Amino acid sequence: MNEKLKLHEPLKRYFGFDSFKMNQEAIIESLLEGHNVFVLMPTGGGKSLCYQLPSLIMDGTAIVISPLIALMKNQVDAIRHTSEDDGIAHFINSSLAKSAIDTVKADIISGRTKLLYVAPESLTKEENVEFLRSIKISFYAIDEAHCISEWGHDFRPEYRNIRPIINEIGNAPVIALTATATDKVRTDIKKNLGILDAMEYKSSFNRPNLYYEIRPKTQEIDKDIIKYIKQHPGKSGIIYCLSRKKVEELAEVLRTNDIKAEAYHAGMDSATRSKTQDDFLMEKIDVIVATIAFGMGIDKPDVRFVIHYDIPKSLEGYYQETGRAGRDGGEGNCIAFYSYKDLQKLEKFMEGKPVAEQDIGRQLLKETAAYAESSVCRRKSLLHYFGETYPQDACGNCDNCLNPKKQVEAKNYLCNVIEVILATKENFRDDYIKDVLVGRATDEVCAHKHNDIEEFGCGDDVNDKIWFAVIRQAQIAGYIEKDVDNYGVLKVTPAGHKFLKKPTSFQIVEDRDFDEEEEAVLMQSGAACAVDPALYQMLSDLRKRMSKDLDVPPYVIFQDASLEAMATIYPQNIDELQNIPGVGAGKAKRYGAKFCQLIKQHCEENEIERPEDLRIRTVANKSKIKVSIIHSIDRKVALDDIAVAKGIEFDELLDEIEAIVYSGTKINIDYFIEDIMDEDHVSDIYLYFKESETDDLDDALEEMGSDYTEEEIRLVRIKFISEMAN
Ligand code: ADP
Ligand code: MG
């Protein structure tokens, strides 16, 4: 049997697959030949199979080191499906009881177990090491190997001890696997694991079906997101936020706007989390709002969008997270919201950390910011970051390619940059190079006496922003590069030296200016808020006609403020109408149809593009107190007691109750009115409102103020509105 068939047979038998994905086959062959192997394969590429398959056909047990206890069980379950023997795969971690560990050990000794998943912290336990020394190990697999490097996006200190422990247990080939690694991280991993000789298999990171876009983050972000989701109904998506609090808030806002969304973060108990995860897989939930804790190991092929609410801390994290979209090769929209303020906030958070960590964190952040602000093709930038050359100038599937910026000639600027890097002995980062270029005599520059060199200030005719754009785009073009060992320090490549000798055309695009865009967006939405006077008039006329027909005052139908809002955002069905302030479900159903029809007709006749397709319903903090007031009234608690219990003044309580009845909820406060007011007085006031053109309080006071108190008038007005309108 030839080599090829040898591996295809178990692939089919154990996994049911007909062919290998990416370079799985070559990787497995290398491992079988006894080499150390380094695998770089994008998320969803099929890394697990690279160690699972060989473990099944090799002698002994493979040790798989994997960071997440929660995922271990899933992986073990999955591999058990491939066999009739549950003993084929096990895991050891801190969640296992002593008796369970004994079973695991017995299965390993009897030779049934081909794969043993171990959490790195369990690997350091002396008793485990002792046991593992006594068995035959086929090889070690280090999954999510980027956890080894501080420059990766998920550094775990216990990952750094793996080599010494392997030495203690007994040597065997090592296979390290990760989906995200810059050159820096890759070098770190290989050094730390002592596998500098590893055969390296790198699949292209390019995911042609993913669309990348960066949007300015404004006040309107929630609305932007809701709009996006509503335009993609029924599609699965993930929204990443940096804080648990934001995760919960946003999930709530989405639910309030009738989007099936749930929160997911590490602070939730594991039962809730796995239910949420299952519901997402089963499509009972469309959108998951999560911190980065969500998604590792989730294999939902048809996630259609990944939104970053906050700018991610590193491009590694960003890439990993966006990678969860469109695994099936179909649509995958990756939208990140960026604002300079967020960046500053993140920097601020870092201040408490050790200096070395801060430095790393800042540099990673800077890469993210540079990516966001760049006008270069996103795909090209990302692939460059991961050490891959994208041969085309434009991918046609990112915001920058779809809205290209004009290119400008930067031949001379590039010469300046290269000259300054060389003149300062290739020892500095971009900030420093830029300071020398513009001639800024900072303490550091003076300390190195670089304010004395001829090149100092040679580029003072342009600003910092341009210099950053030149420096960054020169890296993508391969004229300069960042040093791997001394991260961030700029070096001139052979191509750069050649360029300096004989400069050719070098075109760049200026970075995007997010501050300006932010303002522009805000202005746009501000302008959209003007009331449509013609429509307002028509709505108001309709209200008048209805009020006559129904024999109720106009304001009982809808208040003016509600009509104004309608003439601003053009709701066209009952659902949308409920987003209007002062319009609850009851009112919308009772009176809404004719209004919606009128608005719709008006929009069609005048070809009005609705400025905001929808208005988001905010989660009113007050809604809790309102609900509680309604409950108390149902139980016939005296209103003054309710006010005391809620810690508010009586007139504030009346404000709340008025808001409740005006938005269409029926409540009955007769028990209280009867208690404190004379029956005749009540009907007197009631009659006034029935006959009056307006519900205005001042008018009512003028008419009846000498006989009744403001509170009495308001109480009866509440009774009246509630009975008439609802
Ligand atoms: P990674 O760890 O690289 O993110 P996984 O190992 O979880 O990816 O695999 C992703 C998906 O690809 C899984 O559903 C797996 O079953 C599937 N897969 C792996 N190898 C193959 C193959 N050769 N043919 C078809 N599907 C495969
Ligand atoms: Mg994996």
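1. K425 is not a glycine, and yet its phi is positive, at about 65 degrees. With a relative accessible area of 62%, K425 is exposed, a class that begins over 50%, whereas buried means under 20% and partly exposed lies in between (1.4 Å probe, protein chains only).

2. On provenance, this is a predicted model, in which local features need pLDDT of at least 70 and side-chain atom pairs count only at pLDDT 80 or more, while totals for chains, interfaces and linings use all residues. Residues are numbered from 1 along each chain as its sequence is written, chains are lettered from A and ligands numbered from 1 in the order in which they are written, and side-chain values use heavy atoms, with hydrogens and water left out.

3. K449 is placed in the loop between α20 (443-447) and α21 (464-476), and its relative accessible area of 55% makes it exposed. N463 is also found in the loop between α20 and α21, but N463 is partly exposed, at 44% relative accessible area.

4. K502 belongs to the loop between α22 (494-501) and β17 (507-509), and with 64% relative accessibility it counts as exposed. Although K502 and C415 are 87 residues apart along the chain, their C-alpha atoms are separated by 9.8 Å.

5. In α14 (residues 340-350), the buried residues are D342, L343, L346 and M350; they cover an arc of only 100 degrees around the axis, and so they are on the same side of the helix, the arc being that of the directions from the helix axis to the C-beta atoms. K341 and K348, on the other side of α14, are exposed. The buried residues of α14 pack against β13 (332-338) and α15 (355-373), contact being defined as heavy atoms within 4.5 Å.

6. In α7 (residues 126-133), N128, V129, F131 and L132 are buried. Their directions fall within an arc of 165 degrees when seen down the axis, so these buried residues line one face of α7.

7. For the chain as a whole, there are 35 helices and 17 strands, and buried residues account for 53% of the 726 residues. The C-alpha trace spans about 100 × 75 × 50 Å along its principal axes. Of the contacts between residues at least 6 apart in sequence, 72% join residues at least 24 apart.

8. The chain is divided into domain 1 (3-202), domain 2 (210-402), domain 3 (407-509), domain 4 (526-550 + 557-614) and domain 5 (624-725), with bounds that come from an automatic or database domain assignment. The centres of domain 2 and domain 5, taken over C-alpha atoms, are 48 Å apart.

Terms used: Helix = DSSP H or I, 4+ residues; strand = E, 2+ residues; numbered from the N terminus.
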